[in-house]
Amino acid sequence: MTACATTENHSVTPIRQPEKPVAAELLLQHNRPAPPENGSPEQLLNHAVRYGAYCQKLANQVAGWQAWYQQGNPKHE
């Protein structure tokens, strides 16, 4: 309990509990891969693989945030 200047009975104002903790994976910042050095097929293919992995990390992170939000707000869809 904590005192609150806006209530008549200061002893009944509850302290708000913090939101549930967020998984560390959801807070990571993923670095976008650098563009290919040249336009060779090998460089483009390697870049496509790295960029695809980057996009998958972002998609997983978004899905994680959505799941985290749904756990705390089951009425929202």
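Here is a walk through this structure, from the whole chain down to single residues.

Keep in mind as you look that this is a predicted model. The chain has 77 residues, and buried ones make up 9% of them. Its secondary structure comes to two helices and zero strands. The accessible surface is about 6,700 Å², and 58% of that belongs to carbon and sulfur atoms. What about contacts across the chain? Take those between residues at least 6 apart in sequence: 38% of them join residues at least 24 apart.

Let's start with helix 2, which covers residues 41–72. How far apart are the end C-alpha atoms of helix 2? They sit 47 Å apart. With 32 residues at 1.5 Å a residue, you'd expect helix 2 to span 46 Å, so the model agrees with that expectation.

Now, which residues of helix 2 are buried? They are His47, Tyr54, Gln61 and Gly64. And what do they pack against? The buried residues of helix 2 pack against helix 1, which is made of residues 24–27.

Leaving aside neighbours within four places in sequence, Gln61 is in contact with Glu25, Leu26, Leu27, Leu28 and His30. The side chain of Gln61 reaches the backbone oxygen of Leu26 at 2.9 Å. The backbone oxygen of Glu25 lies 3.5 Å from a polar atom of that Gln61 side chain.

Next, slide along to His47, also in helix 2. Is His47 buried or exposed? It is buried, since its relative accessible area is 17%, and buried means under 20%. If you again skip the neighbours within four places in sequence, His47 is in contact with Pro33, Ala34, Pro35 and Pro36.

Ala53 lies in helix 2 and counts as partly exposed, at 39% relative accessibility. Ala53 and Pro33 are 20 residues apart along the chain, and their C-alpha atoms are separated by 9.4 Å. Cys55 lies in helix 2 as well. With a relative accessible area of 34%, Cys55 is partly exposed. Cys55 and Arg32 are 23 residues apart in sequence, while from C-alpha to C-alpha they are 8.7 Å apart in space.

Then there's Asn31, which you'll find in the loop between helix 1 and helix 2. Asn31 counts as exposed because its relative accessibility is 69%, and the cut-off for exposed is over 50%. Its C-alpha is 7.6 Å from that of Tyr54, although Asn31 and Tyr54 are 23 residues apart in sequence.

How many aromatic pairs does the structure hold? There are two. In one of them, the rings of Tyr51 and Tyr54 have their centres 5.6 Å apart and their planes at 45°, so this pair is tilted. Tyr51 and Tyr54 are three residues apart in helix 2, about one turn of the helix.

Why are Trp65 and Trp68 separated by about one helical turn? It's because they are three residues apart in helix 2. Both tryptophans are partly exposed: Trp65 has a relative accessible area of 32%, and Trp68 has one of 21%.

Note on methods. Residues numbered from 1 in each chain as written. Predicted model: local features only at pLDDT ≥ 70, side-chain atom pairs only at ≥ 80, totals over all residues. Heavy atoms only, no water. Helix = DSSP H or I, 4+ residues; strand = E, 2+ residues; numbered from the N terminus. Buried < 20%, exposed > 50% of the residue type's maximum accessible area, 1.4 Å probe, protein only. Contact = heavy atoms within 4.5 Å. Areas by Shrake-Rupley, 256 points an atom, 1.4 Å probe, with all protein chains shown as cover. Polar contact = N/O pair within 3.5 Å; in protein donor to acceptor, adjacent residues only side chain to side chain. Phe/Tyr/Trp six-rings, centres within 6.5 Å; stacked < 30°, edge-to-face > 60°. Expected span 1.5 Å × (residues − 1).
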